[in-house]
Amino acid sequence: MKMTNILKTQVHVVVISLLIQIAFSQVKTDFDVNWSTIKTMVRITNRLGDGSTLNLHCKSSDDDLGLKILAPNSSWSFTFRPTIIAGSTIFSCHFTWPGQSKRFNIYDDDRDGVRRGIPCIYCIWDISIDGPCRFNENHHAFDICYDWNGNPRS
């Protein structure tokens, strides 16, 4: 008798789960979160603060975006579609200005991807002499900062 009740409960759970799945599949929303179609935008602004021109050359394993030259306080941006495989999209940039040569992963899916702790779809960066700082939408400030080795700054 006890086994029959357990089997009935399991059948009920399966049926209810199927009904819920069918109901949700019928619901139409204004947007469909399909991670494979989301485009990410990266914007880089020269905030060196000493009047220097910032040269940058960004590339991923698939795309070379070429050399860009930013006057003080000017910006450049690019968009891309991160790969479906989480953690595999990285855009690395080489930054130069008089007397300096630095590298930084301006987008790293392990750090910035939509499934991460501090994700960004709009990744807005200020580049200073001390390192890059990303805009934090929660705080409305450029307070996600890194040193040139990629370590978080406090």
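Guide: With burial. Buried means under 20% relative accessible area, and exposed means over 50%. Partly exposed lies in between. Bear in mind that this is a predicted model. Now apply the cut-off: Arg 134 is buried, and Asp 112 is buried too.

Visitor: How do I read a salt bridge?

Guide: Side chains of opposite charge can pair when their charged atoms come close. Now the case here. Searching the whole structure gives 3 salt bridges.

Visitor: Which residue forms a salt bridge with Arg 134, and how far apart are the closest N and O atoms?

Guide: The partner is Asp 112, with the closest N and O atoms 2.7 Å apart. Arg 134 sits in strand E8 (residues 131-136) and Asp 112 in helix H2 (residues 109-112), so the pair ties together parts 22 residues apart in sequence. Salt bridges with shared partners join Arg 111, Asp 112 and Arg 134 into one network.

Visitor: What does the bridge between Asp 112 and Arg 111 look like?

Guide: Their side chains meet at 2.7 Å, N to O. Asp 112 has 0% relative accessibility and counts as buried. Arg 111 has a relative accessible area of 19%. Arg 111 is therefore buried, because the cut-off is under 20%.

Visitor: Where does Asp 126 find its salt-bridge partner?

Guide: At Arg 47, with 3.4 Å from N to O. This pair links distant parts of the chain, 79 residues apart. Arg 47 is in the loop between strand E1 (40-46) and strand E2 (54-59), while Asp 126 is in strand E7 (residues 122-128). Arg 47 is partly exposed, at 36% relative accessible area. Asp 126 counts as buried, at 13% relative accessibility.

Visitor: Next, the rings. How do I describe an aromatic pair?

Guide: Use the distance of the centres and the angle of the planes. In this structure there are 11 aromatic pairs. Take Phe 80 and Phe 91: the ring centres are 4.7 Å apart and the planes stand at 50°, so this pair is tilted. Phe 80 belongs to strand E4 (residues 75-80) and Phe 91 to strand E5 (residues 90-97), 11 residues apart. Phe 80 and Phe 91 are buried.

Visitor: How does the pair of Trp 125 and Tyr 146 compare in its numbers?

Guide: That pair is tilted, with 6.1 Å centre to centre and 45° between the planes. Trp 125 lies in strand E7 and Tyr 146 in the segment after strand E9 (141-145), so the pair ties together parts 21 residues apart in sequence. Trp 125 is buried at 0% relative accessibility. Tyr 146 is buried, with a relative accessible area of 8%.

Visitor: Which residue lies over the face of Tyr 146?

Guide: Arg 111, at 5.1 Å from the ring centre. Arg 111 also belongs to the salt-bridge network with Asp 112 and Arg 134.

Visitor: Which residues do ring pairs link into a cluster?

Guide: Trp 76, Phe 78, Phe 80, Phe 91 and Tyr 107.

Visitor: Last, the sheet. How do I read one?

Guide: Strands of a sheet pair through backbone hydrogen bonds, either parallel or antiparallel. Here, an open sheet of 5 strands runs in the order E4-E1-E7-E8-E9, with mixed pairing. E4 and E9 are at the edges with a single partner strand each, so one side of each has no neighbour in the sheet. On average, neighbouring strands are turned by 30° against each other, direction ignored.

Visitor: In what sense do E1 and E4 pair, and over how many bridges?

Guide: Antiparallel, over 6 bridges. Thr 40 has Phe 80 in E4 as its bridge partner. Phe 80 is also part of the ring cluster.

Methods: Residues are numbered from 1 along each chain as its sequence is written. This is a predicted model: local features need pLDDT of at least 70, side-chain atom pairs count only at pLDDT 80 or more; totals for chains, interfaces and linings use all residues. Side-chain values use heavy atoms; hydrogens and water are left out. A salt bridge is a side-chain nitrogen of Lys or Arg within 4 Å of a carboxyl oxygen of Asp or Glu. Helices (H or I, at least four residues) and strands (E, at least two) are DSSP runs, numbered from the N terminus. Buried means under 20% relative accessible area, exposed over 50%, partly exposed in between (1.4 Å probe, protein chains only). Rings of Phe, Tyr and Trp (its six-membered ring) pair if their centres lie within 6.5 Å; planes under 30 degrees apart count as stacked, over 60 as edge-to-face and the rest as tilted. A charge sits over a ring if NZ of Lys or CZ of Arg is within 6 Å of the ring centre and within 35 degrees of the ring normal. Two strands pair if DSSP finds at least two bridges between them. Axes are lines fitted to C-alpha atoms, for helices over the stretch in contact, and angles run from 0 to 180 degrees between N-to-C directions.
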